[in-house]
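This briefing concerns aromatic ring pairs and a metal site. The structure is shown first, and the notes follow by topic.

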Amino acid sequence: GLKIVTIGGGSSYTPEIVEGFIKRYAELPVRELWLVDIEAGREKLRIVGELAKRMVKKAGVPIEIHTSLNRREALPGADFVTTQLRVGFLEARIRDERIPLSHGYMGQETNGAGGMMKALRTVPVILAIDKDMAELCPDACLVNFTNPSGIVTEALLKYGRNKKVIGLCNVPIGMEMGVARLLDVDPGRVRIDFAGLNHMVFGLNVYLDGEQVTRQVVDKIAAGQMDSVVKNIINIKWVSEFVKGLGIIPCPYHRYYFKKDQMLAEELKEFAKGETRGQVVKKLEADLFELYKDPNLDIKPPQLEKRGGAYYSDAACRLISSLYNDKKDIQPVVTANRGAIDGIPSGSAVEVSCVITKNGPKPLSMGELPPAVNGLVQQIKSFERMVVEAAVTGDYNTALVAMTINPLVASDETAQILLDEMLDANREYLPQF
Ligand code: NAD
Ligand code: G6P
Ligand code: MN
């Protein structure tokens with residue numbers, strides 16, 4: 001049997017991953033699932049841990065659920081470690097959203113100035129986890145879900161000791177499901193060739209039963225027939241001719257770049273009402289935990305689908321199963337480029353369709369990205385690399401350059417105003433600065 005350790009186990013998403021392991025028990029025999037959190041998460045961990053125990057009991061699978069506030073106690077013997085933590089909690093996310101918006105700039109969990117601050121808080125914690133893993137479970141594979149997933153994976157690939165590291169996001173699986181709805185077919189019949197970066201990924205080709213249907217799908221998206229795919233991003237329709245001209249499938253996060261003004265206007269309205277996404281999620285989370293406390297609840301409640309990360313367990317569990325079973329199927333993950341996308345360093349993190357083997361993901365060769373999007377992807381990759389350098393060194397000038405080259409900031413003076421205010425607001429989570 002397998003031992004899985006989930007760090008950030010008090011997350012409201014944990015019932016997702018528990019359900020995923022229950023559903024796949026026959027092919028993925030998990031013996032122990034350790035849910036790990038920190039002292040501040042004690043109560044959430046207790047509630048989620050009890051629910052997890054009821055879920056496995058109800059399902060009749062022999063998965064032992066353990067909870068711990070000490071990851072070093074949990075890690076020895078782990079086969080897979082998953083990370084889903086939020087350094088600074090939702091309060092920090094709300095500040096990441098509200099500070100840039102208060103200056104008239106996009107404030108978002110994983111994009112722009114907010115995404116960068118989340119990375120600066122998270123990278124030191126993730127590298128400490130990586131260090132503990134190298135010592136306590138050197139053969140374990142780290143499946144990172146913690147945002148910003150692309151930057152966190154970049155940091156692990158460049159500065160981590162553990163070479164078995166895979167980043168994950170529910171956006172690609174959500175896009176495949178969205179396209180399946182669009183074509184009115186079972187999701188298992190649809191496959192997309194993904195290439196790009198996390199939250200900056202494109203669907204280059206779409207296949208239905210192995211046949212190319214990219215143009216039909218592009219035309220349907222151009223006709224406004226696809227929803228936004230994730231609950232946290234407002235579904236503003238694309239300009240039809242823009243999508244037709246692009247000829248590939250954008251991800252929902254591309255709205256922040258290709259609909260910059262409109263998205264900012266929408267976010268500013270929410271900011272004014274005190275309803276940024278982090279503020280909304282705070283309420284959703286409180287409601288979810290009220291449900292989780294109910295001793296009669298023994299399944300994942302459908303209300304969890306109001307969170308943006310819906311279906312992440314499917315992404316995580318199908319990945320772990322394919323690694324464990326050496327399935328050699330194709331799945332989109334965040335991994336070292338190794339030549340898959342032209343012009344991105346071999347060791348840098350990309351989100352790309354990969355063959356999943358027991359020796360890890362092997363990226364499919366995607367060649368050069370279309371010229372329409374190659375520049376933006378390269379720019380974001382440069383930003384991500386600079387953010388990692390800033391996060392590891394704590395160098396102010398590097399941080400200022402990183403924030404300035406982000407397209408959602410794009411000004412040294414604005415960057416300095418945002419950076420100073422945000423560094424100050426995050427002091428307790430930034431030991432490196
Ligand atoms: P959350 O606020 O519930 O945080 C999860 C847990 O992390 C909390 O219980 C908290 O106590 C714990 N935590 C905080 N600091 C920690 C530390 N230093 N060590 C261990 N645990 C710590 O967050 P959430 O909304 O469940 O999201 C969790 C993470 O997953 C976030 O980073 C979020 O951005 C990410 N996420 C990623 C995707 C994706 O597509 N990759 C989707 C959804 C969420
Ligand atoms: C999407 C993204 C995640 C992100 C989440 C936010 O699914 O892929 O990376 O964290 O939405 O959802 P939330 O409900 O927290 O706003
Ligand atoms: Mn994501």
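Y312 is buried, with a relative accessible area of 2%, where buried means under 20% relative accessible area, exposed over 50% and partly exposed in between (1.4 Å probe, protein chains only). The model is predicted: local features need pLDDT of at least 70, side-chain atom pairs count only at pLDDT 80 or more, and totals for chains, interfaces and linings use all residues. Residues are numbered from 1 along each chain as its sequence is written, chains are lettered from A and ligands numbered from 1 in the order written, and side-chain values use heavy atoms, without hydrogens and water.

**Aromatic pairs**

- A search of the whole structure finds eight aromatic pairs; rings of Phe, Tyr and Trp (its six-membered ring) pair if their centres lie within 6.5 Å, and planes under 30 degrees apart count as stacked, over 60 as edge-to-face and the rest as tilted.
- F145 and Y312 form a stacked pair, 3.8 Å centre to centre with 25° between the planes.
- F145 is buried as well, at a relative accessible area of 15%.
- Ring pairs join Y13, F145 and Y312 into a cluster.
- Y253 and Y256 form a tilted pair, with 6.1 Å between centres and 40° between the planes.
- Both Y253 and Y256 are buried.

**Manganese site**

- C169 (SG) and H199 (NE2) coordinate the manganese ion (ligand 3) at 2.2 to 2.3 Å; donors are N, O and S atoms within 2.8 Å of the metal (3.2 Å for Na, K and Ca), and water is not among the atoms, so sites may look incomplete.
- C169 and H199 are both buried.
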